[in-house]
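Visitor: I am new to this structure, and I would like to learn how its terms are applied. Could you take me through it with care?

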Amino acid sequence: VLDLGSRMLVNANLAKTLKVGSDLMLETIQNGRALAQFKKILVSQNVDEEFASKICQKSERSIDEYLSLFNQRSHLVTEFKAKQSGYIKSEDAMSLGNVIRRQGGGRLKKSDVIDHKAGLQLVKTISEPIKNGEVWCKLYHSRTLSMDDVTEIENSIKIVDRKFE
């Protein structure tokens, strides 16, 4: 997300370099402005403002807590843990999205049925410190995970030894 977004900022002449664009996006995510804008988008699409406020609260809520607002629950929750200590450099959104889609959380064609209980919670995000064995994401799903899905999620995180700017 940061890579694509930083390229868009450079192309729009809102950032001079990809690094500056990435830093701007990360700052916007961390200071809450991105979440506030997302809430505005939800409300503009006729989501009740009180409900939009509930789902946009910055908190440690799980996907299941949000699903409970719809009286639904995921059948399975699989936690993924860091295989080393360090700092999260990147999380491959495309790979994570592909797994969620295969679990029913998205579709390739209009006729595909969406499982609204399928999703992913990023417990840790880019630039945060993480310890070996610490959970960095949780996959909420109803279908059995294939070994390919597990491998794709495990390979989607990049952890580096040193804090970066």
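Guide: Let me begin with a definition: two strands pair if DSSP finds at least two bridges between them, and strands (E, at least two residues) and helices (H or I, at least four) are DSSP runs numbered from the N terminus. This is a predicted model, in which local features need pLDDT of at least 70 and side-chain atom pairs count only at pLDDT 80 or more, while totals for chains, interfaces and linings use all residues. Residues are numbered from 1 along each chain as its sequence is written, and side-chain values use heavy atoms, with hydrogens and water left out.

Visitor: What makes β1 and β5 a pair?

Guide: Six bridges join β1 to β5 (residues 135-141), and the two run antiparallel; since at least two bridges are required, they count as paired. Within this pairing, Phe80 stands opposite Cys137 of β5.

Visitor: Why are β1 and β3 said to stand at the edges?

Guide: Three strands form an open sheet with antiparallel pairing, in the order β1-β5-β3. β1 (76-81) and β3 (119-122) each have a single partner strand, so one side of each is left without a neighbour in the sheet. Helix α6 (residues 93-105) lies across β3 and β5, running at about 25° to β5, where axes are lines fitted to C-alpha atoms, for helices over the stretch in contact, and angles run from 0 to 180 degrees between N-to-C directions.

Visitor: How do you know that β2 and β4 pair?

Guide: Strand β2 (residues 86-91) and β4 are joined by two bridges in the antiparallel sense, and at least two is what the definition asks for, so they qualify. Tyr87 has Pro129 of β4 as its bridge partner. These strands belong to an open sheet in the order β4-β2-β6.

Visitor: What makes a group of residues a nonpolar core, and which have the most contacts inside the largest?

Guide: A nonpolar core is a set of buried Ala, Val, Leu, Ile, Met, Phe, Trp, Tyr and Cys residues joined through side-chain atoms within 4.5 Å, and buried means under 20% relative accessible area (exposed is over 50%, partly exposed in between; 1.4 Å probe, protein chains only). The largest has 22 residues, and those with the most contacts inside it include Phe80, Cys137 and Leu139.

Visitor: What does Leu139 touch?

Guide: Not counting residues up to four places away in sequence, Leu139 touches Phe80, Val99, Leu120 and Ile153, among others, contact meaning heavy atoms within 4.5 Å.

Visitor: How much of the protein is buried?

Guide: Buried residues make up 31% of the 165 residues.
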